[in-house]
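Please keep the sequence and the structure side by side as you read.

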Amino acid sequence: MRRVWCCPATNLVPGSTGTDTSWAASVQYSNSRPSGLQNGLEPLAVDTCRLYTGMLVVALGGRSREAMLGVATRKGGIPLRDEVLAVARSWGAQPGGRRSRVPGILGCLDRAVRAFLRTDSFPAGLSRLLDAPGPDADATLAAFGALAGAHYGEAGLPPAWRLRLANLQ
């Protein structure tokens, strides 16, 4: 059984994907496990993590970026709070001008997803985030790393990085 943590920043409710790599199975499991609320986390954080889990599960299933974004916006998608849904919908819009920063855990996911969408490789997205650090940079980088890693896989890392990670250099 494979487990996908709903949110590395909070280690909120694990979503089990078992042998099913659909976002629906993961979110259904997350919905049945209200421990995030029992731990005093805000419902906005729980919904943010549910969205994040769905995106990771879709990426781990080998699906496209568009499918990852569609987790929140497709018909019959994850039911989310209006604030979370509005941010998710903005990811599909053309970038233009300055916009106000989204605060908190939703802001971390927003910055991570935008770096992922505006770059075409793991190193490029990482550089983008490191060049413009914001609040909660560690959580934002962790969220980006999980999304990009799930999407690109091990092959998406430069060979020198893979060697260092394997402790071979």
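Buried means under 20% relative accessible area, exposed means over 50%, and partly exposed lies in between (1.4 Å probe, protein chains only). This is a predicted model: local features need pLDDT of at least 70, side-chain atom pairs count only at pLDDT 80 or more, and totals for chains, interfaces and linings use all residues. Residues are numbered from 1 along each chain as its sequence is written, and side-chain values use heavy atoms, with hydrogens and water left out.

Start with the whole chain. It has 9 helices and 2 strands. Helices (H or I, at least four residues) and strands (E, at least two) are DSSP runs, numbered from the N terminus. Along the sequence the order is β-β-α-α-α-α-α-α-α-α-α. Of the 169 residues, 40% count as buried. The accessible surface comes to about 9200 Å², and 52% of it belongs to carbon and sulfur atoms. Such areas come from the Shrake-Rupley method with a 1.4 Å probe; for residues, only the protein chains shown count as cover. A contact means heavy atoms within 4.5 Å. Among contacts between residues at least 6 apart in sequence, 58% join residues at least 24 apart.

Now look inside. In soluble globular proteins, nonpolar side chains tend to be buried together. A nonpolar core is a set of buried Ala, Val, Leu, Ile, Met, Phe, Trp, Tyr and Cys residues joined through side-chain atoms within 4.5 Å. The largest one here has 33 residues. Leu-51, Met-55, Trp-91, Leu-109, Val-113, Phe-144 and Leu-147 touch the most other members. Two or more residues each come from α3 (43-60), α4 (65-73), α5 (82-90), α6 (104-117), α7 (122-131) and α8 (137-152). Take Val-113 as an example. Leaving aside residues up to four places away in sequence, Val-113 touches Met-55, Leu-69, Trp-91 and Leu-147.

Charged side chains come next. A salt bridge is a side-chain nitrogen of Lys or Arg within 4 Å of a carboxyl oxygen of Asp or Glu. The whole structure holds 2 salt bridges. In one, the side chains of Arg-50 and Asp-47 meet at 2.9 Å, N to O. These two are 3 residues apart in helix α3, about one helical turn. Arg-50 and Asp-47 are both buried. In another, Arg-114 meets Asp-110, again with 2.9 Å from N to O. Both lie in helix α6, 4 residues apart. Arg-114 is buried, with a relative accessible area of 11%. For Asp-110 the value is 2%, and this residue is buried too.

Follow the chain onward to the loop between α6 and α7, where Thr-119 is found. Thr-119 is buried, at 11% relative accessible area. Its side chain reaches the backbone nitrogen of Gly-125 at 3.5 Å. Not counting residues up to four places away in sequence, Thr-119 touches Arg-65, Ala-124, Gly-125, Arg-128 and Tyr-152.

End at helix α7. Ser-121 caps its N-terminal end, with a side-chain oxygen 3.1 Å from the backbone nitrogen of Ala-124. Which residues of α7 are buried? They are Phe-122, Gly-125 and Leu-129.

Note on methods. Polar contact = N/O pair within 3.5 Å; in protein donor to acceptor, adjacent residues only side chain to side chain.
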